[in-house]
Structures are given as structure tokens and as C-alpha cells.
Amino acid sequence: MVSLLTACGGTTSSIKEESSEEKHIHFLYNFSTNSLDPHIDSSYVPLRAGITETLVRLDEENLTVEPWLAESWEGDDGINWTIHLREDVTFHNGREMDADAVKASLERAITESIAMKNALKIGEIKAEGYTLEIKTTEPFPEFISELVNPNVSIIDVTEEDILNKPIGTGPFVLETFMPGSRLELKRYDQYWDGASNLDSVTFSFNEDANARSLALKSGQVDIVYRPEVESLETLKEIEGIHVESTATFRVHQMTMNMQRESLRDVNVRRAVDALIDRQEIVDSILLGNGEAAVGPFLPSLPFAPTYEWRESGAELAVEHLKKAGYTLENGKMQKDGEALTLTLLTYPARADLPLIAQVFQSDAKQIGIDVNIKQIDTPEEYMASNRDWDLATYSNLTAPRGDAGYYLNATYHPNGALNFSGAEEPTLTAIIDELNQTVDQEKRAVLAEQAADYVYENVINSFVLHPSTIVALNEKKVKNWVTTRSEYYMITNQLDVN
């Protein structure tokens, strides 16, 4: 399948309408996966492909949590939660989704994933009929919003091959899975929210942005997630192709490994930050499809602080390095006779990240810093298991629950699943812990701003830009596609063909 997609070199002047009795859509995604276990896989493909669902989902317009498999919930004290489930839901194998089945699924999620165990803080679950009684280990007002996470998708855990064929409740049933290549899906006729008009969906992968663009041009696929930026103008000129750019809850950041000797010095981190020419990167690499970042959150979000724009440039970077004890000698930035050399990780699935790494490498070289770029395949696995790197270009969803708590907990709490910087800052941890126990939204916004300000002032990570999500599709065929800001909901029962 990959070779097929990379071979589509021909360009067509227009996209032809298909006439077929079967209603089928072919969706091409930019990340591949070798696992469909929804409780541990970071690709979230089972939910994105319409196989699984969560108890609640994000209302992206209002930044609130809304019912999905759960009908309603109560939990005024922040510890004892009652969740009422829908009573008309079945798994794809026909088994009823009752409280016992949901309890088993949640228990598997927190057993299989330490990240989910830390995030949900579940102490005890009781099930009766269609009602769950959950007690958290501590006051945790945002517990319900954490159930938006695709890693707590509800599946039938009695099935044997969860890795390759999870049985969920979504609008599409998995028929075949070719790891790293594609999924073949068919409509689930008994879907609780109304069966899809589509008969089938192909959800395929290709991490080569150019190949994704070519696949759409040649008519092999119907929807392409994140086509090559350089191809956008060509795509827009083709009759029948629609290109849309949507602001999402994502940030491209420069992750700092604070366990490395040089980066323990805040002045070195400030020098790294000063070397990042954000607006130039937005203009030259994303061709304007993004926004320069100061902090992790889009400025339009209610919990985003208002920052003064931080100065940048090579001269300022050199000044910071002087404060750290470095001098430029014989064209090399050094301290105590040892040159400053940095290892920078990047990965190809997001085509703009390696380009950002190359720009940084070039700018650092101008002030005598050698940056060795190391390309990896799965950043989360590599950064969690290896500490032989200094910096990493990384892309992170910062508000997929419509709240700051997810990103701050995951990225800066010592127990956070995405705390690749190794940050252990008692002041910051205390702010996050207080945030986790605060119900009032105005107070939560204040605490979130305090945490984001601490990250900003101490340069625990640097923030490069907020990329827009670009999707290109055959508008003569595809109907009701929605690009979501959370990037969670893709193949839905509303998706259709003209």
C-alpha cells in the first residue's frame, strides 16, 4: 500500500466523481501504527477511525465536556462520582455495553497504562446495571474531562486480540488491519447514534507528506490529513479539490532535556530559546499556515496568559551564554575548554519538524554551537527510554480537553506521561496540584496562567508555533467532513459521499 501511494507521480487537472453502488471513502493519515490497542497506543487510531468511543467527548465550540457513551454524571465533592450510561449501546460483537463492561474496560486502561493510572486517579469502581460509582484517590474536579482521552476508550475486554482487533462501540467495525499500512472498516448497522450512510472506509497511513499529496492528486484517496505544505497551491488549482486550514489546540515546541548538564543552566535554555526565529519559521516552513508561539496555549484560549513578546536573535543568545560562562573561541562556543555540542531529536511523521530542526542547526552554527540532528521514528518511546539527547522538536496537543490541566499535568508534573524534559520543579508541581483540586473555572484559569508563566520564565521548554491542521479532500465526492481542533474525531457516522 505504501509503495502504491508513493508511486502516484501523475498530476490530474481535475478530480473525477466516482460512480459506484458501494459508498466508500479512503482516508490517508500522516502517522502509521503497528498497534490498535486503544488503552496504550499513542496514535489514537481506533477512536479516529470510528471503531471506539469514550464516555464523554469535547464540545469544541464551547470548550466543555459533553455526553457520549455516558448520558450524565454527578460528583459535587470531586471524589465520589456517579456516571449514568446510555442503555442502547452494543459492542460490535453484539454484547451489551453495561456498567460491568465499562468497569472492566476502565480497569484494563489503568492497569495497562501507568499514564492513565496517574491521569485518572481512580481508587475504586463499582458497577450496577447502567450506573458506575467511581471514587478517586484524591479530590479531582476535572476527573470527567480526563475521560475524553482516547486511551480510555471503551472496549469489550473479553475479546482475545485487542492489539489487532479491538471491539468497540463506534460507527465502524474493523474488518482487517495491516500494521503500518491500513485498516479496512465496514459500517456497524446497529450503531446507537444512527448507522452511517457509508458502506465502508479505508483508513491508511503514509508518513511521507509528498506521497500523501500525490495520492490525492491521482485520485487514489479521497481525504488527506496534512498534505505537503509546498503542494497546497497546486492542490487548490485542481478542480474538485478543497483545501482547508484549521487552527487547533497544538503547539510545536523545542523540548529541553533538563537532565543534561548544559541545559540545567537556565541561561543556556534562554540562549536556545533566543535562537528560534519563530515568525520566519511560520512564514518559510508553514507558508503562513500557523501562528508564532510564546507559550503552550493559543492566545484565544481563556486560560492563556498574556505575554510580552520575548526578544530573540543570535546576539541575545550569545549574551545568555556569556552569563552561563561560555565564550566564543576559534569559532566554537565553549566553557572550560569544552565545546557546546547539542543532540537534537526530530521525526519525519510531521514534515515541518525536521525542517525546524535544520533551521535551528544552521542558526546555532552561526554562534559556534554544533547541533547534531538525530532522526527517530516514535518520539514518545525514544524520549521516555533514552536520555542521550539535549533537545527535541516535538508536537503536542495542549488543550484537547478544553482545559489547561491535561497539558500541564502530562508535560510538567513529575508523574506526567509526557514529561520528557525530566522537569521536577517543586513550585510548579504545587501549582499543578492545586489546579487539580480547584473547581471554580476562574480560579483554575488563574492557576493555569501561573503555571504557564513559570514554564515561560524558567524556559523549561521553548514554544515555536501553533500549526494549523491542513486537510485536502475531493469535494465532489466527500460530504460532511469536519476538521476538529482536538484532532480526535475524524471518521464519524455523519461522513458521507455526494
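Author: Here are some notes on a pocket and a sheet. This is a predicted model: local features need pLDDT of at least 70, side-chain atom pairs pLDDT 80 or more, and totals for chains, interfaces and linings use all residues. Residues are numbered from 1 along each chain as its sequence is written, and side-chain values use heavy atoms, without hydrogens or water.

Reader: What volume does the second largest pocket have?

Author: About 500 Å³. A pocket is an open set of points on a 1 Å grid over the protein atoms alone, where a 1.4 Å probe fits, with protein on both sides within 12 Å along at least five of seven lines. The volume is the space filled by probe spheres set on the points, joined across faces, edges and corners.

Reader: Which residues lie nearest its centre?

Author: R57, V482, T484, Y489 and T492, out of 29 lining residues. Lining means an atom within 4 Å of a point.

Reader: And which strand gives the most to that lining?

Author: Strand β2 (residues 56-59), with three residues. Strands are DSSP runs of E, at least two residues, numbered from the N terminus.

Reader: Switching topic. In what order do the four strands of the open sheet come?

Author: β4-β5-β7-β6, with antiparallel pairing. Two strands pair if DSSP finds at least two bridges between them. β4 (70-74) and β6 (122-128) are the edge strands, each pairing on one side only.

Reader: How many bridges join β6 to β7?

Author: Six, and β7 covers residues 131-136. In one of the pairs, E124 has K135 in β7 as its bridge partner.
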